[in-house]
Amino acid sequence: MIEFKNVSKTYSNGTRALKDVSLKIEDGEFVFIVGASGAGKSTLLKILMREEVPSSGTVVINNYNLNKLKKREIPYFRRTLGIVFQDFRLIPNMSVFDNVAFAMRVIGAKEKEIRKRVPYLLSLVGLASKARNLPNELSGGEQQRVALARALVNNAKMIIADEPTGNIDPEMSYEIVDLLDHINATGTTIVMVTHEHSLVKQFNHRVIKIDSGEVVADMEDAEQISVDVETHQISTEDEKTEEKSTGMFFYEPGTNKESEDFFATYGLDKEIGSSVDFGDSDALGDTDIDYSIYLEDYEVKTEDGGEQQ
C-alpha cells in the first residue's frame, strides 16, 4: 500500500514541487499518474523510491514509514519495489540473462536459484530465445521487456514504471502496458507515469492527475480524462491545462544522475560495500564492474547458507 498524508516538498532553491498531497493506493491496484512536465511527477516518484524525503507530511509504503526509515533500512525497502525506467538502463556489455540475473546477484542470491528464476522471467516477457543476446542486439521494446523482467525477478510487491513506453513505438508500447496489466492481475501493484492518453484510455485503470504540485483529479477510470497526445495537454472533462515548458523536474533520458545512481547501486550507497564471491565468474559476463559496491556490509548470505560481515 502507498499512503501520502499531507505531503509537501520544497527544494533548497525555494521551488515547491509538491503541495499538501494526500492519496492512497491499495495493494493490487493499477494506477496511472499523469500531468504536464514540471507538474511534480518526478518528485513524487523520488519520494516513492526514497531518493527524496518530504519537507512535511507522512509517507508509508509497503509498511515502511519513509519519514522514519534509517539509512541502513533503505536497501531493504527498495527491494520491495521493481523500477522500470524510460531509458531501460541495461548494462550494455552483459547478456539479457545476466542483466536480469544481476538484480538477484547484488542481493546475494544463490546461482542455483538464479538459473531457475531468470529463465522463467524471460519466458514470461517473451524473451527466452534472446537470453544470450546483448542489449544492443534488441529492439527498444525488447530492451524494455528485459528491464521489466529485471524489475520482477526479486518478487517485488510493487512495480513503479516511469514513462516505460517513452522510447518505444506504439505497438510495443501497447505490449509493455498489456504485460504490466497481466502482472497486475496476479496481485502486483502497478504505478505508471505516462503522457500517452491512448494507453490510459485502452487500459482504463485509475488515473491520478498532478498539476503544479497538487493532485487535481483522482478518477476511477480513464473515461473521465482527456489527454491530447500531440500537444501533451492533459485535462479532465471540465478543465484543460496546457503543458508547461520543461522545468527542473523533467529530464531527458540519461540526464538524471540521481536516478541513474539509484539503479546502479540498487538502492545502496557506494561507500557501503564488501567483497562477495559469486562463484562462477563467467556467469557475471565480461565486465569490469566492481560488484562489491552493490552489496551492504552486513548479513550477506554465502553459498553454504552462512553469513559474512
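**Close-up views of a predicted model**

**View 1. Surroundings of Ser95.** Apart from neighbours within four places in sequence, Ser95 is in contact with Ala131, Arg132, Asn133 and Leu134. In this predicted model, Ser95 lies in the loop that runs between strand β6 (81–84) and helix α3 (96–105). Ser95 has a relative accessible area of 14%, and because buried means under 20%, Ser95 counts as buried.

**View 2. Packing of helices α5 and α6.** The axes of helix α5 (residues 140–152) and helix α6 (residues 170–185) come within 9 Å of each other, crossing at roughly 20°. Angles under 35 degrees count as roughly parallel, and α5 is therefore described as roughly parallel to α6. The crossing of these two helices, α5 and α6, is right-handed.

**View 3. Residues at the contact of α5 with α6.** From α5, the contact is made by Gly141, Gln144, Arg145, Leu148 and Leu152, while α6 contributes Met172, Glu175, Ile176, Leu179, Leu180 and Ile183. Sorted by side-chain class, the residues of this contact between α5 and α6 comprise seven nonpolar, two polar and two charged.

**View 4. The chain as the setting for these close-ups.** The chain holds eight helices and 15 strands, and of its 309 residues, 54% are buried. Among contacts in the chain between residues at least 6 apart in sequence, 68% join residues that are at least 24 apart. The accessible surface of the chain comes to about 14100 Å², and carbon and sulfur atoms account for 45% of that surface.

Notes: Residues numbered from 1 in each chain as written. Predicted model: local features only at pLDDT ≥ 70, side-chain atom pairs only at ≥ 80, totals over all residues. Heavy atoms only, no water. Helix = DSSP H or I, 4+ residues; strand = E, 2+ residues; numbered from the N terminus. Buried < 20%, exposed > 50% of the residue type's maximum accessible area, 1.4 Å probe, protein only. Contact = heavy atoms within 4.5 Å. Areas by Shrake-Rupley, 256 points an atom, 1.4 Å probe, with all protein chains shown as cover. Axes fitted to C-alpha atoms, helices over the stretch in contact; angles between N-to-C directions. Parallel < 35°, antiparallel > 145°, perpendicular 65-115°, else oblique. Left-handed = near helix turned anticlockwise from the far one by under 90°. Nonpolar A, V, L, I, M, F, W, Y, C, P; charged D, E, K, R; others polar.
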